Amino acid sequence: MASTTSSSLPQDSATPPLMSLPLLLRAKLRSTPGNPSSAINWSPPPISRLRPPSLGSQKSPLLPPQRQSYLSPTRDYLRSKAMEILESPDTLPLSCFIEELNFPETATDLMCAQSLLNYLKNNYLASFCFCLISFYNTCGSEFKNCKEYAFDILCLILTQDKEGPWKETSFLDKEIKSAILYLLNTESSIKILNKIRHFVAKFATKELRLGNDWPELLEFVYESLDSVSEEKVKYAVSLLYKLIPHCAVEDLVISLDSIYDSLVDIFDSDDTSLEVQVEAVLTSNRFLLYWTNRSNHDRYSVLMIEIVETISSLVEHKSDKDVQAIVKELTVLAKEKPWTLSSQFDYVVLSVIRILGEVELQDKTRILALEFVIALAEERVEGQQMLLGSQRAIPNIFEKILLLLANLKDDSEWEWAESDIQNLPSVRCLDRIVSVLGGEVLMKNLPRLFDINFCAEDWRSRHAAVLSLAIVAERCSNVKGRIIRSVNEDTHPCVRWTALYAIKQFSKHLKPEFQDQYHGQVLPALTKAMDDFNYPRVQVQAYSALYEFTSNCTSSILNPYLKEIVTKLLKDLRGEKHMIKGETLKVLSAIAYSSQDQFSEYYGAVMPYLKVIMVTAKTELDHNLIANSVDCITMAWMAVGKEKIRDDIDMVVKMLISLQRSELEANDPVRCQLLQAWARLGKCLGQEFKPYMSVAIPRLLKSAKTGSYVLIPENPDNVDESDGSIRALILGERKIWIRTKVLEEKVAACKGLYLLADELKEGLSVWIEEVAQTLVSGLNFELSEEIRSVAASAMPVLLKSSKEAIQNGNLELFDDSPFEKLCSDAVPALVKALRKEALPKIAAIILDSLEECMEMSGPVLDEDQTDLFLKKIMNVLNSRSKLGDIGVIKQALQEEEHQEEQKVYDKAVDCLATFIRIQKASFLTIPRQAFAFHTTYFHREKLNAAQFLRTWLRHLPLENNLNEAKVVHHQLCSLVEVSDVDLLGPRKKNLHKIVSVYAEKKVNPLYLEILHVIHGKPFAKEVGIKIIILDCYF
């Protein structure tokens, strides 16, 4: 057996000899013109004398002998079975082979059949394809299952390879295509027609240039568009829909106008069914997307009218599926080519907006219509401009969104959570629209609409008004008062709850301006809402809103209300409502943090309650309440200072140690609170925290180093993200799942380490190196912006701590100084992090830290690291200079984005100035390209410009890189023209060097060319040098 398998056999040709083909196919193996008519007139062989049996009625002749059932079939065996299939005068061997592939009795049978399939495909591809096609055509209608299975195999072998096996021979390329067109033209079964259509689309789209490589297909489709058979028209249109993206206009064998006319004729025909119109609309949309441009799209604008009219008909018929399909295609068009809508903009947009108001349509259909509007709004150039320029679009959009928001059930047992509100598709869509258009755009035209809804008798309309204003008002300040009044004045608890939700959002996202301006209205309203005992969910939401509001208040704002609020909170702590007690502790912690030393007056009254709650919660194993009580206690400690808390430290620390030694589950809220508690205690005690470092810091390091935040599910499709404990993240092309609580613990640990390092400084002593190593690894932690930010901020703090610890004798010195080692780790790590960082906010922090670290470390970067640093700095500076002046930047970026970019630019200038000053002697060895930048953009007050330009001159003239030389030498000419003081030096002592650069023989023509540009006329060499001297002296 082994010898048979390994024996060397001649390789079979991909195109076998004519005699190896089935008798019925031998006459067909000849060249044909390959045009549509020849494809349509291609006729199958005469019916075989032996009809194919029903699958399963015959014992397969393909099974290997029983003694071979457990081994792979040999090559000789496969060849003999292949010949049976290809040379048999009847279809029985092929029928049995198809049976084995689709209905194997055992796994061994399936493996044998698959081996034979691969052998046929690899060695007799053309013969086997025609054998399948012949089998397909000889099957009668009663054997449609046989036909379907045969066609499935044909699809499999012709489309599964990346490049397509039909590329192997020109014979296969031509004949298979012709036969497939024949099948498409003659098949009557709808199910099989669909298979053929999908196969043809997949087969065709593998072509590099469809119009050139298979023009017959497009001709066939075009002819079929005018067929009297509606089924044929339908499949031609749907096939054209799939082919359009893969056929360039310049490759079309049919003119664009001809195809356009055929589509219009389909719409104009009274006999065209709505089903065919839908297919024509989808195809028309792709016609506009792929085959039109700015110069010709108006010529085909009738298609857009037909699209809109078809949408209207489908809406009347409540055809959700078809409406969804068309609106999705329109949304793609709006994103990619919004200008195609320009001639019919209002007509198109208003017809889509109409869908929002059709309550009998599915919610998904209505939301997709809203996504179309969002696509226009988010297309910041033409789409947004057309939307804002429309007199009717904005009012209609917002009116319909209010209807969507009001589409709620009047349920007296409502059980909403904030996530329910935030995850409403209509809420998310409105938020996206407001974020790009601005709240003012919606508000300035719609005051009457809001008034009507605010005063409506139906609570759902009032709720919609409050919720929409909550979203709009985050970017518009003139409506918050009405929402605040709704907290206490509205009669329906759902509206009051939503108003409280709105206040919470304002407090979080509009801080501190919202607190500064509205505290006189908000705090009384919230304290009153805290007494809404009939509706506990409203009451809890009031506490939650108060927590967010007070978290960002100043002590001067809180002080007038402090006594009333604390008294009310202490009363609630004595109550039995568990949910209220947890929210009360959160509010107390926020008030303690914001009121600072003002809270000292209430510390003695509050602390006994907190200690009792903490001990009781531990006894009852109520970990949420433990976490809240620990949070409140440590926040109060930070507010009042260490002298006030000395009597309570021992008892609370023992509790923390006890909790730390217990087995806490990964999602236990106490884990994060423990880390925060140690950090806050260290911040409060300062150097007196040293006795607790051996307990606290190892725990913080362990959590900061954890890698168990990544979840690898066995079945990704069944991951449950509903409770928030797991969430998916997309990183490039990867999708990963994160254990949110574990990641939160890691973030808290990193923050805690930074907080302690900043507070203890050299007192961190023996822990400095390990803390630094841990945080250095966080500089490139892509899953958390907070960790990258904290790690970058910590680097100069740790360097300073290490330096001071050595100076004060707190660190033992070995062969290598711990400070020098830390410098050699931290500075290059910051440079590497700077290169990778995409967020301007964090890039600014890295640059700031890098400058501080370089000040302390001196020149520690090697040549590669220096090159990396300079490239990144130059990228920042050059990108800024390309944007132009400040006015251009403001037009290109939103104000907040501009401020972040400007901050990064300023930090880069500072960092480069420090780098130049620190490097000194090694600066001359820096690659010359570092000097090829726009000097006029530097902040001279931050650079030693004279020293820098003197060094710059030493590297001139540049000779090796003409493009680089032009840039640098043009800069020199510009500086000479304005007699730059720093360039010329004191008493113009650099003039000799400048003139020598200009006089250099190899580069002189370049300078003369530049002088020509500057002065507007050509100069001879001697005249040019005189001009330079005159420019410099006068």
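1. A word on terms to start: helices (H or I, at least four residues) and strands (E, at least two) are DSSP runs, numbered from the N terminus. This is a predicted model, in which local features need pLDDT of at least 70, side-chain atom pairs count only at pLDDT 80 or more, and totals for chains, interfaces and linings use all residues. Residues are numbered from 1 along each chain as its sequence is written, and side-chain values use heavy atoms, with hydrogens and water left out.

2. On the overall make-up, the protein chain holds 51 helices and three strands. Of its 1034 residues, 55% are buried (under 20% relative accessible area; exposed is over 50%, partly exposed in between; 1.4 Å probe, protein chains only).

3. Do have a look at helix α30, residues 536-551. Its 16 residues reach 23 Å from first C-alpha to last, close to the 22 Å expected at 1.5 Å a residue (the expected span is 1.5 Å times one less than the number of residues). Because 13 of the 16 residues are buried, α30 is largely enclosed by the rest of the structure.

4. The backbone also deserves a friendly check. K511 and P512 are joined by a cis peptide bond, with omega about -10°; P512 lies in the loop between α28 (493-509) and α29 (513-529).

5. Two lysines come next. K318, in the loop between α16 (302-316) and α17 (320-336), has a positive phi near 55° and is partly exposed at 32% relative accessibility. K761 sits in the loop between α38 (740-760) and α39 (768-776); its phi is also positive, near 55°, and at 37% relative accessibility K761 is partly exposed. Most residues other than glycine have a negative phi, and most peptide bonds are trans.
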